[in-house]
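Welcome, and thanks for taking a look at this model.

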Amino acid sequence: MRVAAVGIGGAGGRIVERLWQDNERREGPYLGAACALDTDTEALGELDGLPSDRRHAFGLSETTGTGTNGDRASGIAAIEDERLEIRRAIDELITSDIDAIVLVAGLAGGTGSGATAHVAHALREVYSLPLYCLAVLPAGRDDDAAANTMQALQALESPVDGQILFDNEAWLGSGQTVDETSETLNETVVARLGALFAAGEATASDTVGQSVVDASEIINTLSDSGFTTLGYASQDLQADSGDGDGTVIGQLKNRFLGDNSDDVDEIEAYNAVETTLRRAVRGKLTIQCEVASADKALAVFAGPPAWLLREAVTDGRRWLTEELQSPEVRSGDMPTPDRNTLSVLVVLSGVTELPRLVELKKLAEQST
């Protein structure tokens, strides 16, 4: 799936920079275009992983280039005066091969909270492409940050087709802060988004799955479904299963040629697929939810071809359907013959039971 990613504010810009770097490392690129928009010129200057012409400052008359200091009203004022200019900057990135536009923003701050919905509305005036937002929720229990977040989520309901949520609070260890762990948090987000958008972007015949996940499958899962959460799990596989002798030559052959197809034990492969899927669903999600509250789901299985047993993938999809009690469960496989890792990405969309949003709503009410 080819996407154009637009980072808004500090957190959004840093995540889009990571997406850009992740995309450059992949054989099958998924990022058709990317840019970062911010009211803080210093923060933009630090995004040296993005080309300079992909970084745009706005609202300088409102903020003097130093950001909004958490003031949502300032973020709104900053974008209102330059809405057309910002849209033109994004217009340059949208080519005919783009399948969807993804806005990325942290909603605790003034820029991400205030400007993101306005950017979305500006794009909606011109494009009929699917438009999504990766919304990063704040850690802690700050009333003002919670108020910014809840107002932004509500403002985004109309212009975007779906919101993928990432809850910083859920991913912090005891005593950790977002500043201390921002690199790890961003890596987590990008690993899951990259796995989702790269699905189906095969570059060689041996990387085409038995059941390909194309852009339409992803769009049908994400669109018109409110909030989405992502689950992910992986496990290393036995490196010497192909030759059986455990020699250095055999191991190198497995690693670089993916030659572990002949002697893979089917029961072992079946169990590996089943276990990894269940860990992806029942492990830590980008935002914790009641899994059964999801309306739709998509599971993407990636690994060496011999391990992606059709029966295991089919049974895994059936299990997920029973877990959700929903008929709208899609699945597909993504062969990676040059890797000895099995991974499963799960997209749960239309989720409604989200304890963290309930908590943020209560905090937001205290700030009024």
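Axes here are lines fitted to C-alpha atoms, for helices over the stretch in contact, and angles run from 0 to 180 degrees between N-to-C directions. Helices (H or I, at least four residues) and strands (E, at least two) are DSSP runs numbered from the N terminus.

The crossing of H7 past H14 is left-handed, meaning that the near helix is turned anticlockwise from the far one by less than a right angle; clockwise would be right-handed. On the H7 side, Asp143, Ala146, Ala147, Thr149, Met150 and Leu153 meet Leu357, Leu360, Lys361, Leu363, Ala364 and Gln366 of H14, where contact means heavy atoms within 4.5 Å. The residues of this H7 and H14 contact comprise 8 nonpolar, 2 polar and 2 charged. In this scheme Ala, Val, Leu, Ile, Met, Phe, Trp, Tyr, Cys and Pro are nonpolar, Asp, Glu, Lys and Arg are charged, and the others, Gly among them, are polar.

## How to read the model

This is a predicted model, in which local features need pLDDT of at least 70 and side-chain atom pairs count only at pLDDT 80 or more, while totals for chains, interfaces and linings use all residues. Residues are numbered from 1 along each chain as its sequence is written, and side-chain values use heavy atoms, with hydrogens and water left out.

The protein chain has a mean pLDDT (the predictor's confidence in each residue, from 0 to 100) of 90, and 90% of its residues reach 70 or more. Over residues 240-253 pLDDT stays under 50, and the model has 21 contacts for them beyond four places in sequence. Residues 257-261 also have pLDDT below 50, with 16 contacts beyond near neighbours in sequence. Where pLDDT is low, the predicted coordinates should not be read in detail.

## H6 and its partners

H6 and H7 pack at an angle of about 5°, with their axes 9 Å apart, which makes H6 roughly parallel to H7. Gly110, Ser113, Thr116, Ala117, Ala120 and His121 of H6 make this contact with Asn148, Ala152, Ala155 and Leu156 of H7. By class, the H6 and H7 contact has 5 nonpolar, 5 polar and no charged residues.

H6 (residues 110-124) also meets H4 (residues 72-80): their axes come within 7 Å and cross at roughly 40°. H4 and H6 are therefore oblique to each other, and H4 passes H6 in a right-handed crossing. The H4 residues in the contact include Arg72 and Glu80, and those of H6 include His118 and Val119.

## The sheet

An open sheet of 10 strands runs in the order S3-S2-S1-S4-S5-S6-S7-S10-S8-S9, with mixed pairing. Its edge strands, S3 (55-57) and S9 (329-335), each pair on one side only, where pairing requires that DSSP finds at least two bridges between two strands. The twist averages 20° from one strand to the next.

S6 (residues 162-167) and S7 (residues 227-236) pair in the parallel sense over 2 bridges, and Gln163 has Phe227 of S7 as its bridge partner. H7 lies across S5 (131-137), S6 and S7, running at about 170° to S5.

Definitions and conventions: Parallel < 35°, antiparallel > 145°, perpendicular 65-115°, else oblique.
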